[in-house]
Amino acid sequence: MSTTTPPARVVALGGGHGLHAMLGALALLDDVDITAVVTVADDGGSSGRLRREVPGIVPPGDLRMALAALAAPDDRGELWARTFQHRFTGEGALTGHPVGNLLLVGLTQVLGDPVAALDAAGALLGARGRVLPMSTVPLEIVADVAGVDADPRDVRRIRGQVAVASTPGRVRSVAVEPADAEVCPAAADAIAAADLVILGPGSWFTSVLPHLLLPGLRLALEKTGAHRLVVLNLAPQPGETEGFSPEQHLDVLSAHAPTFRIDTVLADTDAVALPGRLSAAAGDRGARLDLAGIAVPGAPRHDPPALARALRRVLDRL
């Protein structure tokens, strides 16, 4: 009797373009069961407008991008992905809203549940995985930022994801509010059952760290038996991590979640000036360092096929 190896259960956590790139890479692997757990603190652009106009709605922008990344690789899936990402043009109230944002808000109101809305949208796109919010209530990013005022020692509290990402200065710490918001139960269940959980790449303070700041989600990430992979960004991000070395990203992560264990750190070879120092920083946290060429040559963007090959090597070790 022959047996078939079940697909590896992979949970990718993040938001925005970083998570979109990660999901695009995972979708190239034919033996993985993908779940995306997405930040819900966006307050800019279309998501910000919808948060103000539909109080209590989970901001849909990052969720929409994750769904589009997982759309079926056929004509129907590609059409729906393009439509989801299409922004209305013109001069009226719809201008600038992506179609997918409005559809997700409408589905949430019809079904009464953002998770059910995401599952319905995923079925429409033929999604090759499931997209879940980190919490079913909208969150707000709150950060202590130094260097905003004339005296660089002064620290100012900045509220809102867009403000934190764009305020000049150095982010000292970040939190989410409400601090006691509950983790999405389906997200916690997926993490508990995972073989591999992935944090990053993405905006470090506003897309990656928030997953470790929600108590229920951090507990799920600490208790899971899954291998924990942290994927570093290709370059420091102005307004958030400007001037950070790769190992400083790990320092910040450990400072916000000191009991979270890392097993592997993945970074782009050309983005690490001092690989020995990063390897030591990973080793201090009980992790190994994987270096690979995972960027589009000549561009500060992750290359999904190259990233998929690096992920395959991690999965093969499990």
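**Salt bridges and a helix pair**

Author: Let us begin with a single residue of this predicted model. At a relative accessibility of 30%, Glu-177 counts as partly exposed, because that class lies between the limits of 20% and 50%.

Reader: Which side chain does Glu-177 meet in a salt bridge?

Author: A salt bridge requires a side-chain nitrogen of Lys or Arg within 4 Å of a carboxyl oxygen of Asp or Glu. Here the partner of Glu-177 is Arg-159, with 2.3 Å from N to O. Glu-177 belongs to strand β6 and Arg-159 to strand β5, and the two residues are 18 apart in the chain. Arg-159 is also partly exposed, at 41%.

Reader: How many salt bridges does the structure hold?

Author: The structure holds twelve. One of them joins Arg-312 to Asp-31, whose closest N and O atoms are 2.5 Å apart. Arg-312 sits in helix α13, whereas Asp-31 sits in the loop between α1 and β2, so this pair ties together parts 281 residues apart in sequence. Arg-312 is partly exposed at 23% relative accessibility, and Asp-31 is partly exposed at 32%.

Reader: Which residues are linked with Arg-312 in a network of salt bridges?

Author: The network links Arg-312 with Asp-31 and Asp-316.

Reader: Is Asp-290 buried or exposed?

Author: Asp-290 has a relative accessible area of 11% and is therefore buried, the limit for that class being under 20%. Its side chain meets that of Arg-317 in a salt bridge of 3.0 Å, N to O. Arg-317 lies in helix α13 and Asp-290 in strand β10, so the bridge ties together parts 27 residues apart in sequence. Arg-317, at 36%, is partly exposed.

Reader: What describes two packed helices?

Author: Two values are used: the angle between the axes of the helices and the distance between those axes. In this model, helix α3 (residues 61–69) and helix α4 (residues 75–85) pack at about 160 degrees, and their axes are 9 Å apart. The helices α3 and α4 are therefore roughly antiparallel, since angles over 145 degrees fall in that class. The crossing of α3 past α4 is left-handed.

Reader: Which residues of α3 and α4 meet?

Author: From α3 come Arg-64, Met-65, Leu-67 and Ala-68; from α4 come Ala-81, Phe-84 and Gln-85. In this contact, five residues are nonpolar, one is polar and one is charged.

Conventions:
Residues are numbered from 1 along each chain as its sequence is written. This is a predicted model: local features need pLDDT of at least 70, side-chain atom pairs count only at pLDDT 80 or more; totals for chains, interfaces and linings use all residues. Side-chain values use heavy atoms; hydrogens and water are left out. Axes are lines fitted to C-alpha atoms, for helices over the stretch in contact, and angles run from 0 to 180 degrees between N-to-C directions. Helices (H or I, at least four residues) and strands (E, at least two) are DSSP runs, numbered from the N terminus. Angles under 35 degrees count as roughly parallel, over 145 as roughly antiparallel, 65 to 115 as roughly perpendicular and the rest as oblique. A crossing is left-handed if the near helix is turned anticlockwise from the far one by less than a right angle, and right-handed if clockwise. Contact means heavy atoms within 4.5 Å. Ala, Val, Leu, Ile, Met, Phe, Trp, Tyr, Cys and Pro count as nonpolar, Asp, Glu, Lys and Arg as charged, and the others, Gly among them, as polar. Buried means under 20% relative accessible area, exposed over 50%, partly exposed in between (1.4 Å probe, protein chains only).
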